[in-house]
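Here is a briefing on one protein chain. Look over the sequence and the model first, then read on.

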Amino acid sequence: MEEEYDDRGWDGVDRLDNDSEAGEDAENPEQVLKECAEKFSTSDYIMEPGIFSQLKRYFQSGGNPLQVIEELSQNYTAVAQMANLIAEWLITGGVNVTNVQAMVENHLKEMILKTFDPKKADTIFTEEGETPAWLTQLIEHPTWRSLIYRLAEEYPDCLMLNFTIKLISDAGFQAEITSISTAAQQLEVFSRVLKTSIASFLTNPEDWQNTSRECAKMVCHGQHTYVYSQVIIHVLARESKGGSSMKRLSQEITKCAQKNGNDVTPITMALNGASAYPLACQALTSMLSKNTLNPADITVLYRNYNAPDPPPIDLIRTPQFLELLVDSLFKPGVKLNPDHKPKYIHLLAYAASVYEMQAKKGQKRVVNRDELQATIHSVETVHNICNINKGSSELMAELAIIYQCLKYPVVSVGIIRWVECTVTEPSYFKLSTEHTPIHLALLDEVVTCHPLLHNQVLDLLIRLFESKQDELEILVQLEMRKMVLDRMVNLLCAGCVVPVVKYIKQCWQKGDTDISLIRYFVTEVLETIGPPYSSEFVHLFMPMVENDEITGTMRGDGENDPVSEFIVYCKANYTAVV
């Protein structure tokens with residue numbers, strides 16, 4: 001940093017040496033005296049960082065020392081010193097030092113946010129000619145770093161703020177600026193931030209949804225950041241260690257860009273090698289750009305993937321394309337031409353069952369024909385069941401067949417989509433007569449068979465739990481939500497523990513959920529689980545168990561009830577909760 005800014009100032013011009021006054025000699029003395037007089041007449045100018053450079057200009061232009069002393073003295077109102085004096089009085093009066101400091105800092109932050117002038121801020125470098133010492137000290141404090149972040153978002157073209165962001169990154173605080181758009185304007189800073197964001201994604205697999213979301217938000221700031229990041233992630237995805245995680249991160253970033261209304265299909269096609277297969281590339285690009293499938297392009301892909309030398313499997317494993325296929329086959333109300341339907345089914349089954357492995361001469365495609373045909377048959381069977389609007393009694397007759405097909409992950413993904421579209425219909429629970437509708441019972445089986453689909457099921461259950469069922473009576477609404485909680489408990493028992501408990505705890509803390517539902521969940525969980533427990537589970541679950549409003553009526557006189565037993569066991573075995 002010092003080497004970079006030794007010889008040239010922020011604005012790119014050579015700095016003036018202390019002994020060189022050529023630039024200053026060229027100034028009009030009368031004009032300099034007038035400018036300096038205007039500055040000296042402002043309140044508390046003697047406290048300004050540029051006071052010494054202005055005094056130097058003033059005296060070199062023949063300014064009167066007595067006059068400037070009188071001018072600065074008369075306009076010295078000591079605002080900063082008065083603030084310090086009041087702070088000392090508050091501390092003397094018994095107010096905590098930390099609270100006083102926070103009051104002063106917060107008020108100062110508000111004033112700076114209201115009055116900040118980016119043009120004046122940029123003059124800091126032109127006047128001082130180097131990085132001010134106070135700026136280096138300022139970025140050591142979290143309060144002022146957060147202020148810089150807010151200002152940088154509001155004034156992205158301010159040179160002083162951009163330079164300060166770089167100083168913050170150089171100081172090792174790049175983890176704090178993952179969502180700062182200003183970082184995207186400086187390649188060096190952005191690269192550090194991207195590295196930190198990727199590392200966070202890789203080292204926190206249990207929190208991958210949040211870390212990938214934050215990374216995607218940053219990467220999708222602009223076209224240049226998107227292309228740069230995707231190329232780097234694409235290279236990292238080739239590594240044997242962590243490569244699959246990088247591919248998933250790339251897909252999440254692509255999904256974020258699409259949600260923001262950006263067509264990134266050409267970039268995706270360029271990175272996945274589709275250009276080597278022009279017909280397949282053209283067909284896929286056409287459908288992804290329009291976000292809709294059409295029989296002509298599906299036919300082209302079908303022929304390509306049944307040719308002797310088919311394109312890479314990754315082309316049709318693009319998440320957007322797979323979601324379109326799943327919607328076309330499992331979303332209620334979608335009608336497909338019977339002549340083309342087998343092609344849709346074949347492509348989905350092919351993408352789900354065929355895999356490629358690294359070989360000495362490159363990628364080796366492994367096609368298990370029996371597996372492929374079994375997947376095709378299962379997808380077609382369940383599609384035919386879902387495509388007909390059947391009642392619960394009719395579905396019961398098909399239940400054994402559906403359960404048999406659910407062992408295939410791609411079929412389970414389709415069932416989740418079908419169930420989602422069905423149970424989110426406004427009148428579904430009004431017309432339902434079963435305690436546990438058969439559609440939701442199918443989700444229990446999906447949860448049992450496929451741990452990787454737990455998050456999708458939980459998201460759907462959360463939507464149902466939070467949905468407004470205004471057409472139902474209050475008591476019926478409570479019973480419906482208890483039924484959804486039963487599904488969540490089943491999800492918990494299948495291994496999705498922390499996400500479920502974390503969600504229910506958030507519902508309790510927000511205070512917008514009937515306490516009887518929280519009590520019901522806690523009761524069901526206590527009757528289901530047994531030691532040993534993970535520390536994270538105890539940390540999340542214990543506050544609800546200990547809360548009298550939730551479990552007060554569940555406790556007995558002794559310690560034989562489930563609530564007391566859980567509390568006693570945890571306090572004896574987990575020091576963090578004692």
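Leucine 167 counts as buried because its relative accessibility is 9%; buried means under 20% relative accessible area, exposed means over 50%, and partly exposed lies in between (1.4 Å probe, protein chains only). Leucine 167 sits in helix α10. Helices (H or I, at least four residues) and strands (E, at least two) are DSSP runs, numbered from the N terminus.

This is a predicted model: local features need pLDDT of at least 70, side-chain atom pairs count only at pLDDT 80 or more, and totals for chains, interfaces and linings use all residues. Residues are numbered from 1 along each chain as its sequence is written, and side-chain values use heavy atoms, with hydrogens and water left out.

**Leucine 167 and helix α10**

- Isoleucine 139 is 28 residues from leucine 167 in sequence, and the two C-alpha atoms are 7.8 Å apart in space.
- Helix α10 covers residues 159-170.
- Its 12 residues should span 16 Å at 1.5 Å a residue, and the end C-alpha atoms are 16 Å apart, which agrees. The expected span is 1.5 Å times one less than the number of residues.
- α10 is mostly covered, with 10 of its 12 residues buried.
- The buried residues of α10 are Met160, Leu161, Asn162, Phe163, Thr164, Ile165, Lys166, Leu167, Ile168 and Ser169.
- Glycine 172 follows α10 and has a positive phi, near 95°.

**The chain as a whole**

- The chain holds 31 helices and 2 strands.
- Of its 578 residues, 41% are buried.
- Among contacts with a separation of 6 or more, 62% join residues 24 or more positions apart. Contact means heavy atoms within 4.5 Å.

**Helix α27**

- Helix α27 runs over residues 497-510 and has 14 residues.
- From first C-alpha to last, α27 reaches 20 Å, close to the 20 Å expected at 1.5 Å a residue.
- Buried in α27 are Val500, Val501, Tyr503, Ile504, Lys505 and Cys507.
- The cover over these buried residues includes α25 (454-466), α26 (474-493), α28 (515-528) and α29 (535-546).
- Just after α27 comes glycine 511, with a positive phi of about 80°.

**How α27 packs on α29**

- The axes of α27 and α29 come within 10 Å and cross at roughly 30°. Axes are lines fitted to C-alpha atoms, for helices over the stretch in contact, and angles run from 0 to 180 degrees between N-to-C directions.
- The two helices, α27 and α29, are therefore roughly parallel to each other. Angles under 35 degrees count as roughly parallel, over 145 as roughly antiparallel, 65 to 115 as roughly perpendicular, and the rest as oblique.
- The crossing of α27 and α29 is left-handed. Left-handed means that the near helix is turned anticlockwise from the far one by less than a right angle; right-handed means clockwise.
- From α27, the contact uses Val497, Val498, Val501, Lys502, Ile504, Lys505 and Trp508.
- From α29, it uses Glu536, Phe537, His539, Leu540, Phe541, Pro543 and Met544.
- This contact of α27 with α29 divides into 10 nonpolar, 1 polar and 3 charged residues. Ala, Val, Leu, Ile, Met, Phe, Trp, Tyr, Cys and Pro count as nonpolar, Asp, Glu, Lys and Arg as charged, and the others, Gly among them, as polar.

**How α19 packs on α20**

- Helix α19 (residues 341-353) and helix α20 (residues 369-386) have axes that come within 9 Å and cross at roughly 130°.
- α19 and α20 are therefore oblique to each other.
- Their crossing is right-handed.
- In α19, the residues in contact are Lys341, Ile345, His346, Leu348, Ala349, Tyr350 and Ser353.
- They meet Glu371, Leu372, Thr375, Ile376, Val379, Glu380, His383 and Asn384 in α20.
- The residues of this contact of α19 with α20 divide into 7 nonpolar, 5 polar and 3 charged.

**Backbone points to check in loops**

- Proline 531 and proline 532 are joined by a cis peptide bond, with omega about 0°. Proline 532 lies in the loop between α28 and α29.
- Aspartate 44 is not a glycine, yet its phi is positive, near 60°. Its loop runs between α2 (29-40) and α3 (51-60). Aspartate 44 is buried, with a relative accessible area of 10%.
- Asparagine 291 also is not a glycine and has a positive phi of about 55°. Its place is the loop between α16 (278-290) and α17 (295-304). With a relative accessible area of 45%, asparagine 291 is partly exposed.
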